[in-house]
Amino acid sequence: MVMEISNLRKTINVLSMISALAAIIFDYLGQTFLYSICKPLTTVLILSLLFFVTNNRMWQFKNIIIAALIFCLIGDVLLLKEEYFVFGLGSFLIGHLLFATGFIKLEGFQFHWALLFILMTIGGGLFIWLRPDLGSMEIPVGVYVIVIVFMAWQGTGLFLKQQQKVYCLIGIAVLLFMFSDTIIAINKFKTTFKLSGLVILITYWLSISLIANASFLILRKKS
């Protein structure tokens with residue numbers, strides 16, 4: 001049974017990679033319709049991983065992470081249209097809050113102040129740099145920066161507290177998410193650069209895949 005679940009996890013991860021690769025290729029080729037199918041499909045595949053693991057004692061954690069990934073999926077769909085950008089931003093903001101809540105459920109609130117200072121310096125520096133170009137998006141972006149810094153603080157704090165391999169995956173994931181969102185902000189409000197879409201998609205899907213796989217392993221280990 002354990003082997004079957006492990007193989008299922010590997011299969012879902014491979015399918016997610018194939019879908020992600022297809023989305024990247026379709027985006028590069030300008031095949032908008034096919035891209036709009038494969039982009040959310042990739043997130044659906046990653047999300048589906050958590051439906052194949054059970055843990056009656058940690059059902060709250062599981063449901064919180066699933067809900068967070070669902071809001072990421074909604075954000076994926078909304079960001080397919082430029083006019084829905086602010087709604088997509090809001091959806092991902094809720095997703096980040098849910099991720100942070102899930103991390104706190106695991107090991108409690110993390111009070112690593114030096115880490116918070118570093119992340120706030122990075123996030124604050126980015127916001128100050130972008131601010132002249134934000135216009136009416138200044139407040140939404142400012143709130144988003146605070147939320148993703150908080151999520152990254154709690155996620156990386158897990159690893160600094162326990163230093164377990166599975167928590168290392170979460171730590172890497174939240175930093176990748178922060179990096180992906182940074183590239184989105186720079187690309188939208190400051191300047192576009194070649195292959196920005198490729199970098200955004202790879203780091204984003206790698207991030208949520210690491211979170212989903214880490215959550216899967218945690219749920220199995222503690223079941």
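Which residues have the most contacts inside the largest nonpolar core? They are F99, I170 and W205, in a core of 68 residues. A nonpolar core here is a set of buried Ala, Val, Leu, Ile, Met, Phe, Trp, Tyr and Cys residues joined through side-chain atoms within 4.5 Å, where buried means under 20% relative accessible area, exposed over 50% and partly exposed in between (1.4 Å probe, protein chains only). The model is a predicted one, in which local features need pLDDT of at least 70 and side-chain atom pairs count only at pLDDT 80 or more, while totals for chains, interfaces and linings use all residues. Residues are numbered from 1 along each chain as its sequence is written, and side-chain values use heavy atoms, with hydrogens and water left out.

The overall fold comes next. The protein chain has eight helices and zero strands, these elements being DSSP runs numbered from the N terminus (helices H or I, at least four residues; strands E, at least two). Its radius of gyration is 17 Å, close to the 17 Å that the globule rule gives for 223 residues, so the chain is as compact as a globular protein of that length. That radius is taken over C-alpha atoms, and the rule is 2.2 Å times the number of residues to the power 0.38. Along its principal axes the C-alpha trace spans about 55 × 45 × 25 Å. Buried residues account for 48% of the 223 residues. Among contacts (heavy atoms within 4.5 Å) between residues at least 6 apart in sequence, 77% join residues at least 24 apart.

Back to the core: the largest nonpolar core has 68 residues. At least two of its residues come from each of α1 (2-29), α2 (32-48), α3 (59-78), α4, α5 (113-130), α6 (138-162), α7 and α8. Helix α7 gives the largest share, twelve residues. Leaving aside neighbours within four places in sequence, I170 is in contact with F103, L106, G155, L158, A214 and I218.

Aromatic rings are well worth a look too, as the structure holds 14 aromatic pairs. Rings of Phe, Tyr and Trp (its six-membered ring) pair if their centres lie within 6.5 Å; planes under 30 degrees apart count as stacked, over 60 as edge-to-face and the rest as tilted. The rings of F85 and F189 are edge-to-face, because their centres are 6.0 Å apart and their planes at 80°. Since F85 lies in helix α4 (residues 85-107) and F189 in helix α7 (residues 165-190), this pair ties together parts that are 104 residues apart in sequence. Both F85 and F189 are buried. F177 is buried at a relative accessible area of 0%, and Y204 is buried at 5%. Ring pairs also join F92, F99, F103, F177, Y204 and W205 into a cluster. K188 lies over the face of F85, at 4.4 Å from the ring centre, and over the face of F189, at 5.8 Å; the criterion is NZ of Lys or CZ of Arg within 6 Å of the ring centre and within 35 degrees of the ring normal.

Finally, the cysteines: zero disulfides (cysteine sulfur atoms within 2.5 Å) are found in the whole structure. C38 counts as buried at 11% relative accessibility, and C72 at 0%.
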